[in-house]
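Here is a short briefing for a first look at this model. It covers the domains, then a pair of helices.

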Amino acid sequence: MLPASLLGAVFDLSRRPHYVHWHFFQMSVTNLLVIVLMIVVFAAAILLPFPHRRAEP
Amino acid sequence: MSAADEPRPARVPADARSWTARLRTRAEGAMPPERLLPDRQPSYVASWIYVFGALTIAALLLIVASGLILGLKGPAWWHVTAIGRFFNGIHLWGVELFFFTMVVHLWGKFFMGAWRGGRSLTWVAGAVTFLISIAAAFTGYLSQQNFDAQWISTQAKDGLNSVGIGAFFNVTNFGQMYTFHVILLPVAVVLLTAWHVLLVRRHGVVPPYVRQLAAEAPARPSEERA
């Protein structure tokens, strides 16, 4: 079996999507995960040290 | 300063009445060719947050390249063949990457106040590019030629009609939306991105607030007295 097929079996994209619903707020779990991931990447981009070039002699 | 001491333009136009010569002189004065590609950057650019603009451009190149292939081969190819579905997937994930990196870039520049120091036009060019990109992605959804596209177009039709612009954009018309998606909006996004990058090259990357405050500190009257 191809790895892509394995992934497809784990994340079944054919079923109905899950939604987070709280008062007026409604969003699919997939979209919410992408937004959370963007916030995590944004924080990491600020906090993680950038590799510096070695000082030239 | 005498007239002889004044800086001269990079190239004196052969004929000042020629609009092409005037345009060339003005373009060379605004952005000399030797400054187009950078070979060094300020030290404060050494942070991961400054990488996301370049990542967005990389994603845009991926979208344009895969989109060209999809456009040349057509809907039957991208729906039926395995290689067509592969390129369809590349195009979709390129767009996901494009918006992901562009939003992180936008957040970074917002919290930096990247419009400071005469850079307001750079900020506006980026913001307009972001808005047009949303329209480009939306027309991409409508151009899929599947049930998803039909559902989105009928929902969007009601939305656009409700705000009074349905007469200008018939989202259920595949030909019209496809032209928007593969010609008009991509050209607008690419040209605006090029202008955005040229403005960044011209005005430089915005310094952090700390540096600006440090640069302004000696001008304080209390320190001048000391």
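The centres of domain 1 and domain 2 of chain B, taken over C-alpha atoms, are 14 Å apart. This is a predicted model, in which local features need pLDDT of at least 70, side-chain atom pairs count only at pLDDT 80 or more, and totals for chains, interfaces and linings use all residues. Residues are numbered from 1 along each chain as its sequence is written, while chains are lettered from A and ligands numbered from 1 in the order in which they are written.

**Domains of chain B**
- Domain 1 spans 47-112 and domain 2 spans 116-204; such bounds come from an automatic or database domain assignment.
- Ten residues of domain 1 of chain B are in contact with seven of domain 2 of chain B (contact: C-beta atoms, placed from the backbone, within 7 Å).
- On the side of domain 1 of chain B that touches domain 2 of chain B, helices H2 (52-73), H3 (75-80) and H4 (82-112) each supply at least two residues (helices are DSSP runs of H or I, at least four residues, numbered from the N terminus).
- H2(B) gives the largest share of that side, five residues.
- By class, that side has seven nonpolar, three polar and no charged residues (nonpolar: Ala, Val, Leu, Ile, Met, Phe, Trp, Tyr, Cys and Pro; charged: Asp, Glu, Lys and Arg; polar: the others, Gly among them).

**Helices H5 and H7 of chain B**
- The axes of H5 (residues 120-142) and H7 (residues 174-203) of chain B come within 9 Å and cross at roughly 160° (axes are lines fitted to C-alpha atoms over the stretch in contact, with angles from 0 to 180 degrees between N-to-C directions).
- H5(B) is therefore roughly antiparallel to H7(B) (angles over 145 degrees).
- Where H5(B) meets H7(B), the contact residues divide into 17 nonpolar, ten polar and no charged.

Key
Two residues are in contact if their C-beta atoms, placed from the backbone, lie within 7 Å. Angles under 35 degrees count as roughly parallel, over 145 as roughly antiparallel, 65 to 115 as roughly perpendicular and the rest as oblique.
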